[in-house]
Amino acid sequence: SIVGLITLINYFRVKKGIERNVYNNLHISANLKESNLENWIESIKQQLVTLRIMDHVQTYAQVLNANSSGSPAYQQAQDALKMNFIMIQKLSPGIRAISLLSPSGIVVASSDPSTIGYYQGIGNQTTYFRTNQPDINVVPTFYKNNENDLLQMTFATDILGPNNERVGYLT
């Protein structure tokens, strides 16, 4: 009976040690995943900021905002942005689409042409980076994609014209 008691005590000690190891390993893994996610979000933010300040994106956004959808200048700007967005999307894993929205939220140029002309407002599901927002920690909004039930995030920032008026959103 003493042997059984010693065995039982050792069993509980080993079990407790294994539980502690597993918990510590899970904690380390969760911290690494959180760090990876934070780095990825910061990378996306930097890509958005870089795109937002590129001269051709600002110029084409102003052209799209100032012209009617049937004009040659509008079509040229839309096509140029679409090609740029497709190229950037191919180089950026994890980005499903890059779009330029009008100030009213209508997609005017996109790497996904099927979304052009549709409303994609900046709402509760969008993680929005303001132009003049200080560098703060961002808590992204995750939501389910209706097409495939996968979690996704939408990031957006505004594009300002020469007089600091909003000419569109980059998402």
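This report walks through the strands, selected side chains and loop residues of one predicted protein model.

Because the model is predicted, local features are taken where pLDDT is at least 70 and side-chain atom pairs where it is 80 or more, while totals for chains, interfaces and linings use all residues. Residues are numbered from 1 along each chain as its sequence is written, and side-chain values rest on heavy atoms, with hydrogens and water left out.

**Confidence**

Let us start with pLDDT, the predictor's confidence in each residue on a scale from 0 to 100. The protein chain has a mean pLDDT of 82, with 95% of its residues at 70 or more. Strands here are DSSP runs of E with at least two residues, numbered from the N terminus.

**How the strands pair**

Two strands pair if DSSP finds at least two bridges between them.

| Strands | Sense | Bridges | A bridge pair |
|---|---|---|---|
| β1 (residues 99-101) and β2 (residues 107-110) | antiparallel | three | S99 and S110 |
| β3 and β6 | parallel | four | T127 and F155 |

N164 is not a glycine, and its place is the loop between β6 and β7 (166-170). With 62% relative accessibility, N164 counts as exposed, a label that applies over 50% relative accessible area, whereas buried means under 20% and partly exposed lies in between (1.4 Å probe, protein chains only).

**Strand β6 and its side chains**

Seven of the seven residues of β6 are buried, so this strand is largely enclosed by the rest of the structure. T157 sits in β6, which spans residues 154-160, and has 0% relative accessibility. Its side chain makes a polar contact of 2.5 Å with that of R52. (A polar contact is a pair of N or O atoms within 3.5 Å; within protein, one must be able to donate a hydrogen and the other to accept it, and residues adjacent in sequence count only if both atoms are side-chain atoms.) Leaving aside residues up to four places away in sequence, T157 touches L48, R52, Y128, F129, R130, G168, Y169 and L170, where contact means heavy atoms within 4.5 Å.

Side chains of opposite charge can pair when their charged atoms come close. The whole structure holds one salt bridge, defined as a side-chain nitrogen of Lys or Arg within 4 Å of a carboxyl oxygen of Asp or Glu. R166 and D158 form that bridge at 3.4 Å, N to O. D158 is buried at 5% relative accessible area, while R166 is partly exposed at 36%.

**An aromatic pair and a loop residue**

One aromatic pair is found in the structure. The ring centres of Y11 and F12 lie 5.3 Å apart with planes at 65°, so the pair is edge-to-face. Rings of Phe, Tyr and Trp (its six-membered ring) pair if their centres lie within 6.5 Å; planes under 30 degrees apart count as stacked, over 60 as edge-to-face and the rest as tilted. Y11 is partly exposed at 48%, and F12 is partly exposed at 46%.

Finally, V139 belongs to the loop between β3 and β4 (143-144) and is exposed, with a relative accessible area of 73%. The C-alpha atoms of V139 and T127 are 7.8 Å apart, with twelve residues separating the two along the chain.
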